[in-house]
Amino acid sequence: MALSSSSISVTRPFSSNTLEIIRDALRNVAQPVPTPLPHLKPSHAAVLIPLCNVDGKPGILLQVRGKSLRNHPGEVSFPGGRMDEEDISLQHASLRETQEELSINPNQIDILGSLGPPERNMRGDMTVWPFVGFVYPSSDIVRTLASDDPLPSLDMATIQDTLPTTEVATAFHLPLSELISPARRRLDVETFGEGRPYWAIPVADLLQSDITTVNENVISSDHGDDNETVFDSVKAESVKVWGLTGWYLSLLTRALKMYE
């Protein structure tokens, strides 16, 4: 996978013009989203790929799953999960899960489109649909900036202060410049999309600002009263974006012409 001429800047903050470029790119790769009939709900899930500016840098908001969760504890992921009975659509499910896991109100999110094709999860019992949206710092921001003006940045301290204590251990920002950095990419042995490889992205160093203790084998989060350990007996190199999360980021970078 070679770097390509991106359709967007990886260093300038997202603007309204950037969001329109992304919207257009996603229209070219979108897949028909099924109607969420009741019998489909148990076997379908949705995730949100949350684009955002942080300190004026464009990137992706990611989370680390709590260590007490039954499935994939301590792993880097997007907010998302299985459809509930209350969900009227897969997009609704992605927004609901984002609010439950990151305390981000749906009114703060501008959905730009979806990626495809969707993939089955690692257990093979769910089809996971990825949606892409831009996250504003609050729902009452007046969105009347000029098309090339930088959109407002998220305050990661505020995100950290409102995280649930059980589902999400911590959250962090992955800048686009780091996402496509050749020095950060690791070819993963897992494959998706008819056997196509993708790049896993080590991110332990990006968690530094959100954690209190970093030892050789233990990384601890400052979120939660008991300073819960996010990664037990894991070397920092293995703290990475991988699996379906890594694959969907690869689809996004291809759609935006960051990779050939």
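Student: Which two strands form a hairpin with two residues between them?

Tutor: Strands β1 and β2 form that hairpin, and aspartate 55 in the turn has a positive phi of about 55°. Helices (H or I, at least four residues) and strands (E, at least two) are DSSP runs, numbered from the N terminus. This is a predicted model, in which local features need pLDDT of at least 70, side-chain atom pairs count only at pLDDT 80 or more, and totals for chains, interfaces and linings use all residues. Residues are numbered from 1 along each chain as its sequence is written, and side-chain values use heavy atoms, with hydrogens and water left out.

Student: How many bridges pair β1 with β2?

Tutor: Let's start with the general idea. Strands of a sheet pair through backbone hydrogen bonds, either parallel or antiparallel. Two strands count as paired if DSSP finds at least two bridges between them. Here β1 (residues 44–54) and β2 pair in the antiparallel sense over four bridges. Valine 54 has lysine 57 of β2 as its bridge partner.

Student: Which residues stand opposite glutamine 63 in β9 and in β3?

Tutor: In β9 the residue opposite glutamine 63 is alanine 171, while its bridge partner in β3 is serine 77. The antiparallel pairing of β2 with β9 (residues 168–175) runs over seven bridges, and two bridges join β2 to β3 (residues 76–77), also antiparallel.

Student: Is β2 largely enclosed or open, and why?

Tutor: Buried means under 20% relative accessible area, exposed over 50%, and partly exposed in between (1.4 Å probe, protein chains only). Eight of the nine residues of β2 (residues 57–65) are buried, so this strand is largely enclosed by the rest of the structure.

Student: Which residues touch the most other members of the largest nonpolar core?

Tutor: A nonpolar core is a set of buried Ala, Val, Leu, Ile, Met, Phe, Trp, Tyr and Cys residues joined through side-chain atoms within 4.5 Å. Of the 48 residues in the largest one, Ile49, Leu51, Leu174 and Leu252 touch the most other members. Helix α5 gives the most to this core, with seven residues.

Student: What does leucine 252 touch?

Tutor: Contact means heavy atoms within 4.5 Å. Leaving aside residues up to four places away in sequence, leucine 252 touches Leu26, Ile49, Leu51, Ile60, Leu115 and Val132.

Student: Is threonine 98 buried or exposed?

Tutor: Threonine 98, in helix α2 (residues 90–102), is buried, with a relative accessible area of 0%.
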